[in-house]
Amino acid sequence: MVLDRRTFLKFGAGATAGILATPLVWKGLDDISIWSQNWPWIPANEKGENTFALTTSKYTGEPVAVRLVGKRPVRVLPSPQHPLGGGVSPLAAAEAEMLYSPGRVKRPLLRGSDGAHVEADWSAVHGRLKAEMVKAGADIAFLSGDENSVINEAISALAGKMGSSAVYLMPSEGRSAALAADLMGLKAQLGYDLENSDYVLAVGANVLDTWGTVIRNRRLFGHGRPHPGEGKPTLTLSYAGPLQDGTAAVAKPWVPIAPGTETAFLLCLAAALIDKGRRAPADNFDAFAALAKNFTPEATAKICGTSAKAIADVVAALTSAKAPLVIAGGDCWGGAGAAPVMAAFALNALLGNINKKGGVKLLPFVPTAIRGAKGREQLYKNDFAAMLKGDKRPAMLFIHEANPLYALPGGDKLRKAFAEIPFKVSFSTFFDETAAACDMVIPIGMGLERADDLSSPYGCGANIYVLGGAAIEPVADVRNTGDALLLLAKELGWDLGYAKYTDLLKAKADAVGANFDLLLQGQPAENDAEAYFSLFTLNTNLLQDAAGFTPGQGKLGLAVYGRLALGTPKTGIPPFNTKTIRAGEMHGTEMYVLVNGATAGSLGLKQDDKVLLRAGDRSIPAILRVYEGVTGGAVAVCLGYGHTALDEFSRNKGANVFEILSASAEPESGLSVWSRTGVEVVKA
């Protein structure tokens, strides 16, 4: 039959009449309407008064204002007047939605003989936890993923009562800086007075996306670089690193340098300043000057893959600035080591800006509130990655808000070492990779659901103490790690001095000279006290070793980069933020790795080739993307992908680069370092 226009219209009219005549379609539409509007997970609008609760994000350290309708949090907003505030990060903005994430641990879990986790009641879990601690005795270790909280005092005090000194903090930029300061003989935390600097040189430190106090950094940069017609620029940001990331994109200039060459680059700048007659109050200055002398602009340009002119331009900018500041760091979750931080400190000393306005500030250590507790600077010295690489395992491991099975290198070897610990308990918000491997999982509240503190996070330029009160009642059956510890200590016969965690928070506020009630109202305690500074020591063996890094014959340097929108190891990718995954980062469930055109050509590879990123006998799959914002001889990989636990929004998306990395001990400091890794990219 030929279906011409007239036939088609007649056919359509008849079909319409038939549809209108039958009741079945209307019943079906009614069913669709009912079903589509009454799914239980569709949130109903809640009526109520609009209020705001001030608190602090425990994931980013930024102050936030939580908008509540009735008792329900509906939006996380910035707290612009706060010294650590000025905006809201994509991770903090997602926290209201993350409260209801399917990856949350909502009830206590115990692992059965078949390996599966089953829900348990609180009394059974408490009794088992207490029994396991008695059984372990002094052979117990503790790992914390929150280096800025007073919870670590409760942990270390309890460990001390049990006869254990095995208390660890997860690796971080702050830990690398603390070890560098300790090696230099500085009894202080390094701080950075960005507020008063007019020229900032960031070397490997992605200050606008992942390094230090990111939201504060963005606010200060925004104020220092106003829009045209809104005032003159008062701050210049330069960046040296292997990738045109968020910081490099707005830096003037971006100096491309190969991964792992940060120390060599900094030594070259130091040599140029020494040639201009600058000196630093180091007790071994002559030995340092002799080392730096080897890094001429021409030699360093070859090492770093940059130009002698670019180096000269940076030297000119440093010497012409009134308040220059040099910051070194990495984007590998604490795996860059102490050497770049030490080299940057030497450069700042040559510029004469230690404890000066706009320079590096030496911040006194924060006093402890529990007698016998260890301060953060002491806990930094214990290396959890090194313990897992060693021969001895504790009988029990107590984990607070940390996900080492995702965020530490080693792959199968790491998991095997972890499995050798007889009993493991995770106090966690989410069912992450580490929680999934533990014998007991105890749900704890998110930052919006609990009171906690934040003490001078690494990157800030003054002593800052912040208290975050619970913005809402918990939406799950959770406990507070601090309260659990204090109760366990009491039942085991040890008095830590406080019955409740809120009592400890009040004592900590007193110890730092802050008003607890004002802290609860969102007002931070801030002072500009400085630690004494005269002489320091530069470890030339450490610096020389780091400056001599090469990825190895036929291998590429590895440039990892992170984005706050993709969450943290302990949160996974927030469901709210999956829409921020870029087309150049993921295709379906496969992730991209980035190389420039020349590097791709030398490898015989092209755009969209399926490849393996390989280090030794371990590899991860990816798709090749040609991107000219990567230095030659390097491959860039995004952090945050490759989860095997958590929820559907995080699982099976790309690969975790930590699967192929290996940790080695940095000479002199002993820090586990994994950023200096040579890798191969081969066609899959």
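Is Glu-132 buried or exposed in this predicted model? Glu-132 is buried, with a relative accessible area of 14%, where buried stands for under 20% relative accessible area, exposed for over 50% and partly exposed for what lies in between (1.4 Å probe, protein chains only). In this predicted model, local features need pLDDT of at least 70 and side-chain atom pairs count only at pLDDT 80 or more, while totals for chains, interfaces and linings use all residues. Residues are numbered from 1 along each chain as its sequence is written, and side-chain values use heavy atoms, with hydrogens and water left out.

Side chains of opposite charge can pair when their charged atoms come close. The whole structure holds 33 salt bridges. In one of them, the side chains of Glu-132 and Arg-128 meet at 3.0 Å, N to O. These two residues are four apart in helix H5 (residues 122-136), and are therefore separated by about one helical turn; helices (H or I, at least four residues) and strands (E, at least two) are DSSP runs, numbered from the N terminus. Arg-128 counts as partly exposed, at 34% relative accessibility.

A second salt bridge joins Lys-424 to Asp-439, with 3.8 Å between the closest N and O atoms. This pair links distant parts of the chain, 15 residues apart: Lys-424 belongs to strand E15 (residues 423-428), and Asp-439 to the loop between helix H18 (433-436) and strand E16 (440-443). Arg-450 and Asp-452 form another salt bridge, their closest N and O atoms being 3.3 Å apart. Arg-450 is buried at 8% relative accessibility, and Asp-452 is buried with a relative accessible area of 5%.

Now to the sheets. Four strands make an open, parallel sheet in the order E11-E10-E9-E12, two strands being paired if DSSP finds at least two bridges between them. Strand E11 (254-256) and strand E12 (324-328) stand at the edges with a single partner strand each, so one side of each has no neighbour in the sheet. On average, neighbouring strands of this sheet are turned by 15° against each other, direction ignored. Strand E9 (residues 199-203) runs parallel to E12, joined by five bridges, and Tyr-199 stands opposite Pro-324 in E12.

Helix H12 (residues 308-320) lies across E9, E11 and E12, at about 140° to E9; axes are lines fitted to C-alpha atoms, for helices over the stretch in contact (heavy atoms within 4.5 Å), and angles run from 0 to 180 degrees between N-to-C directions. The buried residues of H12 are Ala-310, Ile-311, Val-314, Val-315 and Leu-318. They cover an arc of only 140° around the axis, which puts them on the same side of H12; the arc is that of the directions from the helix axis to the C-beta atoms. Lys-309 and Ser-320 are exposed on the other side of H12.

Helix H8 (residues 214-224) is largely enclosed by the rest of the structure, because eight of its eleven residues are buried. Its buried residues include Val-214, Ile-215 and Phe-221, and among the elements covering them are strand E8 (189-192) and strand E10 (236-241).

Note on methods:
Salt bridge = Lys/Arg side-chain N within 4 Å of Asp/Glu carboxyl O.
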